[in-house]
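Open the model in your viewer and keep the selection panel at hand. The stops below say what to select next and what is there.

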Amino acid sequence: MDKIVIEGGNRLIGEIAISGAKNSALPLMAAALLNDGCSTITNIPNLKDIDTFKRLLEHLGCHIDDSNRSVKINVSDIKTPEAPYELVKTMRASVLILGPLVTHFKRARVSLPGGCAIGARPINLHLMGLERMGAKIKIEHGYVEVSAEKLKGADIYFDVPTVTGTENLMMAACLADGITVIENAAKEPEVLELATALNKMGGCISGAGTEKIRIEGVRKLKPIEYAVMPDRIEAGTYMIASAATRGNLLLKNCPIDLLEALSIKLKEVGAEIIIERNNTRGIGNNPTRSVDIKTSPYPGFPTDLQAQMMSMMCISSGLSVFTETIFENRFMHVSELKRMGANIQVDGRTAIVKGMPFLSGAPVMATDLRASASLLIAALVGEGETEISRVYHLDRGYESIEEKLAGVGAKIKRVRK
Ligand code: EPZ
């Protein structure tokens with residue numbers, strides 16, 4: 001398993017281009033299953049999760065033609081509506097094929113994704129919605145089988161706003177009979193982007209981006225060409241890294257308008273954010289003031305940036321209180337940060353971070369995607385050398401991260417094992 005070795009202490013100065021958004025590319029690729037032709041998705045990031053999803057679509061019988069960050073998905077030859085365990089266990093987003101397959105091919109059989117490092121991550125709300133639309137749900141041998149002759153529009157209420165749950169049901173409702181309304185829907189930008197693409201296919205969706213989405217079923221959808229928006233979480237990660245290292249990073253194609261909560265928090269700690277047309281310059285100053293962070297669904301502070309922000313607060317002045325409201329186990333980075341000298345006390349979903357004068361490099365282990373980004377930021381500011389193991393977590397969500405960081409002054413290298 002590869003490791004990443006970083007010599008800390010360098011300011012990040014220069015330009016980084018933001019890649020396409022992983023959490024938008026995945027549902028957009030799933031949406032290709034809603035028509036019988038060949039859709040082209042462009043500005044696709046070069047990531048392991050994207051490769052896994054391509055393999056999943058090929059397993060279903062799709063013909064995939066990918067080159068230079070674009071993927072053509074030809075759905076004319078679907079053989080099986082089944083997603084096997086060995087593919088789903090490595091990427092929970094595989095559940096996104098449920099809605100498209102059952103509404104277009106009347107049946108889907110997907111291995112239950114199971115939990116992951118950050119939490120149980122159930123899909124009960126996805127299944128509740130499909131059941132309300134008339135699907136038959138059968139769970140056996142670790143698989144969920146969903147079938148329906150024809151889905152019917154229904155009124156659906158989510159107890160919690162689930163991102164992929166909203167995306168799954170929006171796709172399912174596009175070809176259902178009648179009107180579906182999703183109340184307490186997720187408002188993330190990736191949901192709005194998916195609705196925009198579905199409408200371009202000929203869907204009839206309104207309200208995406210708000211807590212109430214209305215989908216009127218249509219008879220058929222057509223293939224499209226669609227460019228994925230820039231990744232707000234990748235961009236936010238580099239903004240935090242720039243601030244933490246007192247750097248001066250220009251982020252090209254940065255979706256700064258989707259990072260309001262982070263921008264406000266970074267200004268609170270003393271960083272400067274300068275908008276230069278559609279680029280954003282993040283400048284870190286010292287010392288970093290402390291700040292409290294409470295994650296919440298969009299447009300609140302993203303749970304996917306909580307770990308990264310915590311790394312920066314480890315070297316701030318004062319106490320910062322982090323409250324993680326989305327996932328029950330998203331403090332896996334804390335024990336690794338403490339190996340680097342961080343002073344953090346965890347009590348349930350709250351972590352209290354006492355800023356220290358410095359962090360020291362140490363061998364640490366990545367446990368999940370965003371925790372690995374947090375360790376990277378800690379290593380960049382830490383004194384001495386840090387070796388991060390299990391970096392396959394990082395490769396799931398950050399394209400060419402060591403090249404991008406080395407290009408702006410980080411002393412970073414990948415050691416292939
Ligand atoms: C999406 O996951 C993202 N993944 C996650 O990004 C992100 O952290 C999360 O949304 C929250 O923003 C993709 O878009 C591929 P949820 P998702 O369903 O859809 C509970 C990353 O780092 N819930 O919005 O799986 C759930 O337990 C990843 O890129 C149910 O109870 O998250 C959680 O507490 C990590 N029942 C809350 O809802 C359900 O049926 C939000 O989860 C579904 C969810």
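Start with helix 5, residues 124-132. Select Leu125, His126, Leu127, Gly129 and Leu130: these are buried (under 20% relative accessible area; exposed is over 50%, partly exposed in between; 1.4 Å probe, protein chains only). Helices are DSSP runs of H or I with at least four residues, strands are E runs of at least two, and both are numbered from the N terminus.

This is a predicted model, where local features need pLDDT of at least 70 and side-chain atom pairs pLDDT 80 or more, while totals for chains, interfaces and linings use all residues. Numbering starts from 1 along each chain, and side-chain values use heavy atoms, without hydrogens or water.

Now show what covers those buried residues: the cover includes helix 4 (98-105), strand 8 (136-140), strand 9 (143-147), strand 10 (155-157) and helix 6 (163-174). Step past helix 5 to glycine 134; its phi is positive, near 100°.

Next, select Leu198. Leucine 198 touches Ala31, Leu34, Met170, Met171, Cys174, Gly203, Ile205 and Leu221, leaving aside residues up to four places away in sequence (contact: heavy atoms within 4.5 Å).

Four strands make an open, mixed sheet in the order 18-19-21-20 (pairing needs at least two DSSP bridges). Strand 18 (293-294) and strand 20 (343-347) are the edges; each has a single partner strand, so one side of each lacks a neighbour in the sheet. Select strand 19 (residues 319-323) and strand 21 (residues 350-354): they run antiparallel, joined by five bridges. Leucine 319 has lysine 354 as its bridge partner in strand 21.
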